[in-house]
Amino acid sequence: MPFQTLPRVRLAHLPTPLEEARALSSALGDRVRILIKRDDATGLALGGNKARKLEFLVADALGAGADTLITTGGPQSNHARMTVAAARRFGLEAVLVLTADGDPEVQGNLLLDRVLGARVIFVSDEAESAMSEVAEDLCRAGRRPYIIPVGGSTPVGALGYVAFVQELAAQAFECRLGIDHIVLASGSGGTQAGLVAGTAVFPLPAQVTGISVSRDRAALAARVADIASEAARLAGSAARFGPDEIRVYDEYIGPGYARVTPGGLDAIRLVARTEGIILDPVYTGKAMAGLIDLVQRGVLPAGSTVVFVHTGGAPGLFAFAEHF
Ligand SMILES: *Cc1c(COP(=O)(O)O)cnc(C)c1O
């Protein structure tokens, strides 16, 4: 099927702005030109990258006749929050199976899950099997559940970021901008996979660099390559990808997923104070710390034009108040 005719619902406010980050570029010695693609401004219950994925995932769920979305994540999952919001927009129920030890603070994303009226179930691990059990129970009760895996990172979800590349290519054309690099936070890998597939489908020959926030380099690259190949196939492209074609850096994770790093906190302060833009400690702060380091080490070469994808996450910041 040609990409433009794939099933899709509208959820995000598009196109998101592409903003020149002059003060930030200058704070980094004007070695590179940085622009920020504002996917924190997609709308859908406070925005973020999951809105684009959900446009394809919800279309798939509706096509399957679903009446309930089930997904998983941590207590501060942006993906969970936006999935509930997407469900509400289409009159669907939402069940969240969240992995947590103990009693997480009802703040940030978890607070919004409550406001949106999600049914929230906490498990200590094995979220996949817990989601299957919830789905079986719902089926027995005559419901039609649709499971969205962690982060919405299926090939269908990744199509949202294939479409992103088309949007960015149009903006680049309008501003006569040559984009050399795209840098983003990479967690479950679907966003990076969509970007990788998108740069093969659409004429935007930029190098995509994922800053891992959880998985080691090899594991994430393999995952991104698989999802990207399948997303490209769905988009009608013959492009396929191997792990060594996927650029991932895993040295900015720190002590682990959703654990703060000094570099991440510094990056949040720097971007807030130069650009008035809010990043988060779990994803975009660490990704920006990576971008800054790659610029300083010359891995992102002097003179290049770099687009940082602001994937959202600011609601999660409210659960990290003690670090500021
Ligand atoms: C989910 C998320 C990411 C990572 O996206 P993946 O597709 O899971 O790699 C990055 N930033 C924010 C704010 C997110 O919520």
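Helices here are DSSP runs of H or I with at least four residues, strands are runs of E with at least two, and both are numbered from the N terminus. This is a predicted model, so to speak of a local feature I need pLDDT of at least 70, side-chain atom pairs count only at pLDDT 80 or more, and totals for chains, interfaces and linings use all residues. Residues are numbered from 1 along each chain as its sequence is written, and side-chain values use heavy atoms, with hydrogens and water left out.

First, the backbone. Glutamate 126 sits in the loop between β5 (119–123) and α5 (127–140). Its phi is near 55 degrees, which is positive although the residue is not glycine. Is glutamate 126 buried or exposed? The terms are these: buried means under 20% relative accessible area, exposed over 50%, and partly exposed in between, with a 1.4 Å probe and protein chains only. Glutamate 126 is exposed, because its relative accessible area is 57%.

Leucine 44 also has a positive phi without being glycine, near 70 degrees. Leucine 44 belongs to the loop between β2 (33–38) and α2. With a relative accessible area of 6%, leucine 44 is buried. There is also a cis peptide bond, between leucine 14 and proline 15, with omega at about -5 degrees. Proline 15 is in the segment before β1 (18–20). As background, most residues other than glycine have a negative phi, and most peptide bonds are trans.

Next, the interior. A nonpolar core, as used here, is a set of buried Ala, Val, Leu, Ile, Met, Phe, Trp, Tyr and Cys residues joined through side-chain atoms within 4.5 Å. The largest such core has 41 residues, and Phe3, Ile179, Ile182 and Leu204 have the most contacts inside it. Two or more residues each come from α6 (155–174), β7 (181–186), α7 (190–201), α8 (217–234) and β10 (305–310). The most come from α6, which gives ten residues to this core. Apart from this core lies another, of 32 residues, including Val183, Leu279, Tyr283 and Ala319. In general, nonpolar side chains in soluble globular proteins tend to be buried together.

Which residues does isoleucine 179 touch, leaving aside its neighbours within four places in sequence? Taking contact as heavy atoms within 4.5 Å, isoleucine 179 meets Leu168, Ala172, Leu204, Pro205, Ala206, Thr305 and Val307.

Now the helix packing. Axes are lines fitted to C-alpha atoms, for helices over the stretch in contact, and angles run from 0 to 180 degrees between N-to-C directions. On that basis α6 and α7 pack at about 45 degrees, with their axes 7 Å apart. Angles under 35 degrees count as roughly parallel, over 145 as roughly antiparallel, 65 to 115 as roughly perpendicular, and the rest as oblique. So α6 is oblique to α7. On the α6 side the contact involves Ala158, Tyr161, Val162, Phe164 and Val165, and on the α7 side the residues include Gly190, Gly194, Leu195 and Val201.

The pair α7 and α8 packs at an angle of about 50 degrees, with axes 8 Å apart. That again makes α7 oblique to α8, and this crossing is right-handed. Here Gly190, Gln192, Ala193, Val196 and Ala197 of α7 meet Val224, Ile227, Ala228, Ala231 and Ala232 of α8.

Asparagine 109 is in helix α4 (residues 108–115), and asparagine 109 is buried at a relative accessible area of 0%. Setting aside neighbours within four places in sequence, its contacts are Pro75, Gln76, Ser77, Asn78, Arg81, Pro315 and Gly316.

Definitions and conventions:
Left-handed = near helix turned anticlockwise from the far one by under 90°.
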